[in-house]
Amino acid sequence: MNGLLVLFDLVLLAGIVGVAWRCLASTDLFRAAVLFVTFGLLLALAWVRLEAPDIALAEAAIGAGITGALLLVTLERLRSIMAERRSGRPHTPPPDPTGPHALLRALHDPPPERRTFIPALTFALVVGALLVTTLWHQPPSMGLEPVVDAHMDASGVDHPVTAVLLNFRAYDTFLELAIVLIALLGAWSLGRHDLIPARPAPGPILPGTLRLLVPVAIVTGVYVLWAGSHAPGGAFQAGAILGAAGILLVLARPRQLPMAPGVPLRLGITAGVAVFLLVGLYGLAAGHGFLGYDRAWAYPLIILIEVAATLSIALTLVALFVAGRPAGDDA
Amino acid sequence: MIANALTGVLLLAGLVFFAAGTAGLLRFPDVYSRLHALTKADNVGLGLVVLGLMFQASGPADILKLLLIWLLVLAAGTTAAHMVAQRTWTHGEFESDR
Amino acid sequence: MNVFYLSAALFLLGTILLGLVRVLRGPGSGDRMLAAQLFGTTGVTILLLLSLALEESALMDVALVFALLAVVAAVAFVRQHGLPEPPDTPIHSQQAESAEPEEPNDDR
Amino acid sequence: MSGLAETVVHALTPGLLYPTGGATLFALGLYGLIRRHHLVLRILALNIMGSGVFMVLLGVAARGEGPPDPVAQALTLTGIVVAVSATAFALGLVVHLTRLTGHAVMLPGPPDDDAAMADTSRGEHHADGGPDAPPSDEDPPS
């Protein structure tokens, strides 16, 4: 059993490193994207082996549902932009010093020049060797597991990771939600173009699958959110699942949906940060300190924050995927 | 005991289908035949494994979850295979690699 | 029995690594996408086997999420890749696409 | 002989193997970040470096007896969501840059640097020689 587990770990790690290596060595960007999706799948297995089912759940939703779609859509956007420029100005030399080939094949990156080989290899090897040596000689420690375990009663939930996220280290989670919001603001500041066009369904199969998948995805998201209080799951995983379901809808919708209403969308996107902030301020006013909860109220408050955070994360991920402010609300 | 034996047999049969799917993916000459090979792994391979694992499930909830997983993979496999085949048919095999 | 599940999982991991050859070789993007689809199914199966072998029932949920979202990448591939028309183009205008030069992939 | 094999198996715990793998991923991502020019590939390289960091964190958290450290897991969980948002933003920036300038590559030097121009066009002739693969000694020691 033990020998088999070690063998499994070794094969898995070799696979992960091998996939990452081939991904970064690809000249064809589409191949790199598919390899990166496979990389995410293998990483989820690695998190399972590291006894981190929470992370595996998030990686499954993000790796399978979001990253792949994001990369493929970005490549398609690059391709169509370059094709447009190529057809628009046939005699203008491209400003790209890597030559006309790069424009002819937009999804292609020529192999790197030879002269960077030795310095890059030396640098990477030195950094890697230093890291490995440090990690091997790190003194063993128990980490913070006993501390968390001792205070689980006070947290209001039964799952240690959720307790850390929403009670013991709520600061981190609050700022993390703020960072996600800032990423979206950055994406929106780039302008309003580039909405993903609606397309007619290629046949009856895709709409039928959507009718099956989307309700199941919503139920799964709510289930994962609810499970978070006593088992692996929680706001981040649920938000990623619902976000992926939203991305699926955006990709597969057969006709243009009515414009997303600006004000409710913005309220939903900021709900996580806003509710978190309000609860934190309430704690401050009630004398528990910023983001401190009364013990009796910890569970309902955590659930409230988690619901708001799930909504925000899901909406933000979809909005980041669409990349561009919703049209028609320039006021 | 009988449950364990059944699980073992069904799992082994499922693994055979996965191996066949991978072999088909590697050895078959074009997209359509590869598609044919790997949907067998999707449908029958996972189906047999799920059926085998049902004998080890701890309760009806687990059995239903296993069944749901199989149904979802069936739907995903069908949709993906259909769309990839259709796209290859209308666009050609190498269209995208520009 | 746990050893048996783990060997089965290891075997399936081996089939994923073998199948990577198809992603690396292509030749078309459809082939690569199909291989990724097969990896998704195999990953679900590995997770189910590991959930028994390691006695961690939460892995079933991970497998469920993978099964649920396995189709997203394929939909993104088909709906976006190689279809650059603007939002108001009429249905089935893909024929316009073939006006562009086709270039086989010389990439290994 | 079987005693030796047993010792090796006991030494290779996940707490040792996965941090090593994570460090390897970090170094590999760094190498790719330096050498590749296309910005999408550079974003992938950054993501691979990030995954290496997550793997080190979780691997160290899983060391020792008993359940793994939930604080490290919570940090990694937030880290993954931040990473995917940052990736989406970065890809949006790449698309915007491409729309403005017509290319999505990081230039090897200043655009008016003749030496850099000559050097890249020389690199262009190797384009059909297949990917210039990094060496394979990046595999984890086993």
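**Note on the predicted model: chains A and D, and selected residues**

1. Across the interface of chain D and chain A, seven residue pairs are in polar contact, both members of each pair being at pLDDT 80 or more. By type, the residues on the side of chain D that touches chain A divide into 56 nonpolar, 26 polar and 10 charged. The model is a predicted one, and the values in this note should be read with that in mind.

2. The extent of the interface can be given in two ways. As residues, 92 of chain D are in contact with 98 of chain A. As area, about 9100 Å² is buried between chain D and chain A, and carbon and sulfur atoms give 76% of that. The size of an interface is often stated as the accessible area lost when the parts come together. How many salt bridges are there between chain D and chain A? The count is zero.

3. Chain D has five helices and zero strands, so that the pattern along its sequence reads α-α-α-α-α. The chain has 142 residues, and buried residues make up 56% of them. Among the contacts in chain D with a separation of 6 or more, 62% are between residues 24 or more positions apart. The accessible surface of chain D is about 5700 Å², with 66% of it belonging to carbon and sulfur atoms.

4. Chain A is also described by helices: 13 of them, and zero strands. For chain A, 60% of the 331 residues count as buried. Residues 24 or more positions apart account for 75% of the contacts in chain A with a separation of 6 or more. The accessible surface of chain A comes to about 13000 Å², and 71% of this belongs to carbon and sulfur atoms.

5. Val6(A) is placed in helix α1 (residues 2-24) of chain A. Val6(A) counts as buried because its relative accessibility is 9%, and buried means under 20%. Leaving aside neighbours within four places in sequence, Val6(A) is in contact with Val9(D) and Leu12(D). The C-alpha atoms of Val6(A) and Ile303(A) are separated by 39 Å, the two residues being 297 apart along the chain. In chain D, His38(D) is found in the loop between α2 and α3. At 2% relative accessibility, His38(D) counts as buried. A polar atom of the His38(D) side chain lies 3.2 Å from the backbone nitrogen of Val40(D).

6. Thr79(B) belongs to helix α3 (residues 60-91) of chain B. Is Thr79(B) buried or exposed? Thr79(B) is buried, because its relative accessibility is 1%. Not counting residues up to four places away in sequence, Thr79(B) touches Ile205(A), Leu206(A), Thr209(A) and Val71(C). With Thr209(A) there is also a polar contact of 2.6 Å between the two side chains. Within chain B, the C-alpha atoms of Thr79(B) and Leu10(B) are separated by 26 Å, at 69 residues apart along the chain.

7. Over all chains, the count of salt bridges comes to five. Side chains of opposite charge can pair when their charged atoms come close. One of the salt bridges joins the side chains of Asp9(A) and Arg49(A), at 2.7 Å from N to O. Asp9(A) lies in helix α1 of chain A and Arg49(A) in helix α2 (residues 29-49) of chain A, so this pair ties together parts 40 residues apart in sequence. Both Asp9(A) and Arg49(A) are buried.

8. Another salt bridge, at 2.9 Å from N to O, is formed by the side chains of Arg32(C) and Asp28(A). This pair joins two chains, because Arg32(C) lies in helix α2 (residues 29-53) of chain C and Asp28(A) in the loop between α1 and α2 of chain A. Arg32(C) is buried, with a relative accessible area of 0%, and Asp28(A) is buried at 4%.

9. The side chains of Asp172(A) and Arg169(A) also meet in a salt bridge, with 2.8 Å from N to O. Asp172(A) counts as partly exposed, at 25% relative accessibility. Arg169(A) likewise counts as partly exposed, at 36%.

Key: Residues are numbered from 1 along each chain as its sequence is written. Chains are lettered from A and ligands numbered from 1 in the order in which they are written. This is a predicted model: local features need pLDDT of at least 70, side-chain atom pairs count only at pLDDT 80 or more; totals for chains, interfaces and linings use all residues. Side-chain values use heavy atoms; hydrogens and water are left out. Contact means heavy atoms within 4.5 Å. Buried area is the accessible area (1.4 Å probe) that two parts lose on being put together, summed over both. A salt bridge is a side-chain nitrogen of Lys or Arg within 4 Å of a carboxyl oxygen of Asp or Glu. A polar contact is a pair of N or O atoms within 3.5 Å; within protein, one must be able to donate a hydrogen and the other to accept it, and residues adjacent in sequence count only if both atoms are side-chain atoms. Ala, Val, Leu, Ile, Met, Phe, Trp, Tyr, Cys and Pro count as nonpolar, Asp, Glu, Lys and Arg as charged, and the others, Gly among them, as polar. Helices (H or I, at least four residues) and strands (E, at least two) are DSSP runs, numbered from the N terminus. Buried means under 20% relative accessible area, exposed over 50%, partly exposed in between (1.4 Å probe, protein chains only). Accessible areas come from the Shrake-Rupley method with a 1.4 Å probe; for residues, only the protein chains shown count as cover.
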